[in-house]
Structure formats: C-alpha cells, structure tokens
Amino acid sequence: MPFLGQDWRSPGWSWIKTEDGWKRFEYLSHKLGDNINELTLEELDIDKENIYMGDVCEVAAKKRKKDFFNNNTKSQFFFQERLIYVQKESTRERHGYCTLGEAFNRLDFSSAIQDVRRFNYVVKLLQLIAKSQLTSLSGAAQKNYFNVLEKIVKKVLDDHHNPRLIKALLDDLSSTLCILIREVGKCVLIGNINIWVCRLETILNWQQQLNNLQIPKQVSNGMTLSDLPLHMQNNILFKFSDACDIINLGQTTPTLQMLSEDRQLWKKLCLFHFAEKQFCRHLSLSEKGHVDWKLMFFTLQKYYPVKEQYGDTLQFCRHCSILFWNDSGHPCTANDPDSCLTPVSPQHFIDLFKF
C-alpha cells in the first residue's frame, strides 16, 4: 500500500508569530478552499499585495544582513559555539557533511586565543592550515581565518607574549600566499587576486611590526629568577619542554647559561620527545666519548617530530561524534562518557575532515 502522508524529508510547515503565540502560516490557496467563488476581486488583490510585500520585506532583510556582515568583517565573527557535530557523510536523518571551514567558523576560536591555555593550540592549528589547507577553506572561513589572525597579532603586539610563535606562523603563511599568487590559475583561489595581494601586504606589515617589537625591561623591586637558589633555578629549567625556551633563558645570566648546558637536562629532554630506539640511529658522541645529548636532540629533531604539549585542547566524543572545548562539555548519551573522549591535537583536527 503506498504511503500517502507528507514526506518526512520535507521542510515542514511555515509558522508566524502572533499576539496569541505561534500559528501555522497558511498560503492563499489553502485559505480559499471551496469558497474561492465567494471572494471578490478586490479581496484577492489585497491578499496578493500583502503576500508580495511580505516577500519583498524578507528579501530586503536578508540583503541588509548580508551587507552588514560584508561591511563589518573585521569586527564580526559568524559563530561562537562551544561544540559541533562532525558529520562525514549524508544519511537519511542528516543531509550533507561538516567541512574544515565550517568547523573553523563555528567553534569559538576568537575567544580561545584570550585563554593562555589555548593560545598555543590555536596558533599551531592556524599554522597547519596555512601550510596545506588554506585553499580548502570556503570564502567565509578564509575571511574568519584572517580575522582571528589579526586578533592574535594585535594581542602579541600589546602584551609581548609568544612573538616567536607568531613569527613562525606568519613566515609559513606568507610563503604559502606567495606560491598561490605566483601560480594563480593553476590552483583554486577563492576571491579576487587583488584581495590576496592585499592580504599578503598586510602579513608583510605584521612581520615588520613584530621584527621591530621592543620588549621593555621590567623594573621590579621584588625577587627575580636570579635571586632564587641554584637548585630551584635548575628545577625550573627541568620543567621546560621546548629547547628554544631553554636556550633563550640561558642567554639571560651566566648562571642560567651554565645550568642550560647540563647534560642531564638535555638527556631528559631527549627521552621526553623521542623513543630510545631512535637514539641508536643518530648517536652523537663528544670528543671525550660521551653522548652529546644537546647535539643529539637537534639531530633527532630533523628526522622526527617533537611531542606537542598544550594546556587545553578540543575534545572529540567517539560515541556522539561531537567536537567541543574541554570546559564546555556536551550532552553525551553514553553510559561512560569519559571513556569516549579523545584529545584532539591540531593535526588530528585537520585529519577529522579529510574525507
């Protein structure tokens, strides 16, 4: 027996808000019914005029909203959500799929950069997108990408924190844009070429500002790092996981320079980032026959990726296929929600949308 009901995939009824609440909107043909002959020509013209004016107002409202977003792209962000559903294929219940650009637009990255725990995470994600995924973003996602990047640069210029990370990000992004502009026509480039040239000029201007950045010396009458006992300074150095931070800190005082050359410090750093099997392939010995752990670290870094550490990351629920920030949570239906959670690294975030 054929199914004669309304298709479950239809968009459903249209509703309008009235003083008595929401009511179903019935079109003119539904209102007429069998009494079409009882209506006068004047009444029909009035109803037609009302419907026409309603359509014109709706189109005008959509145009004003679109113009508002186009004219305020530097200050507006399209979405500020804490979680999204990662859909990789169309089903009977859900049509379409979630792309990298949509996820970047909808997750609240503009607020995440204000959190010191998430700042490095967002910067690393932007750097990976700049290297390989920039052309896969939609026009709206690219616009949002550069808006978030502008906020990051302004934040670094104001508080002088993490300029080295932003310089590396802008170097990769400028190299990518130079290739895209030079090979225009051979690759997919959304938008006018003049827009991309303007973006490249803006990036070069940011790079110049960061290169000219002068961090003022902080004058403090209280206790400084150099005033701490030697063993406490050594314990602080052993908490570092970034080799560049250790080297930069060692250049501040002669005492820290001596502590930053400690063999045990670099040995611990090698054991943290690399496996012991990798040591045998790239063994570095000093003139006295001892293992030069500092040289070995930078040698291994050329062949193997270092371990990434972030204060806070996105979480992915394997049961619900929901991507969300750690502190926001999500309405999980699993019996043990914690067992379904997986921390999402920046590279894993990009891999989620490769299908």
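Modeller: Thr299 is found in helix H14. This is a predicted model, in which local features need pLDDT of at least 70 and side-chain atom pairs count only at pLDDT 80 or more, while totals for chains, interfaces and linings use all residues. Residues are numbered from 1 along each chain as its sequence is written, and side-chain values use heavy atoms, with hydrogens and water left out.

Leaving out residues up to four places away in sequence, Thr299 touches His282 and Ser284, where contact means heavy atoms within 4.5 Å. Phe279 is 20 residues away along the chain, and its C-alpha atom is 9.9 Å from that of Thr299.

Buried here means under 20% relative accessible area, exposed means over 50%, and partly exposed is in between (1.4 Å probe, protein chains only). In H12 (residues 263-273), the buried ones are Leu265, Trp266, Leu269, Cys270 and His273. Looking down the axis of H12, you find them within an arc of 135°, so they line one face of the helix; the arc is taken from the directions from the helix axis to the C-beta atoms.

Now for the nonpolar cores, meaning sets of buried Ala, Val, Leu, Ile, Met, Phe, Trp, Tyr and Cys residues joined through side-chain atoms within 4.5 Å. The largest one has 51 residues, and Tyr145, Ile152, Leu323 and Phe349 touch the most other members. Its largest share, 9 residues, comes from helix H5 (residues 119-133). Domain 1 (99-212) and domain 3 (314-352) both contribute residues, so this core lies between them; the domain bounds come from an automatic or database assignment. There is also a second, separate core of 17 residues, which includes Leu249, Leu265, Phe274 and Phe297.

Apart from neighbours within four places in sequence, its contacts include Leu83, Leu314, Phe316, Val344 and Phe349. Strand E4 (residues 314-317) is covered on both faces, with Leu314 and Phe316 buried on one side and Gln315 and Cys317 on the other. In a regular strand the side chains alternate between the two faces of the sheet. E4 runs antiparallel to strand E5 (residues 322-325), and 4 bridges join them; strands count as paired if DSSP finds at least two bridges between them. Leu314 has Trp325 as its bridge partner in E5. E4 is also joined by 4 bridges to strand E6 (residues 341-344), again antiparallel, and there Leu314 stands opposite Val344.

E4 and E5 make a hairpin with 4 residues between them. Ser321, in that loop, has a positive phi near 55° without being a glycine, and its relative accessibility of 21% counts as partly exposed. For context, most residues other than glycine have a negative phi. Asn162 is another case, with a positive phi of about 60°, and it belongs to the loop between H6 and helix H7 (163-182).

To put all this in proportion, the chain has 15 helices and 6 strands, and 33% of its 355 residues count as buried. Among contacts between residues at least 6 apart in sequence, 62% join residues at least 24 apart.

Note on methods:
Helices (H or I, at least four residues) and strands (E, at least two) are DSSP runs, numbered from the N terminus.
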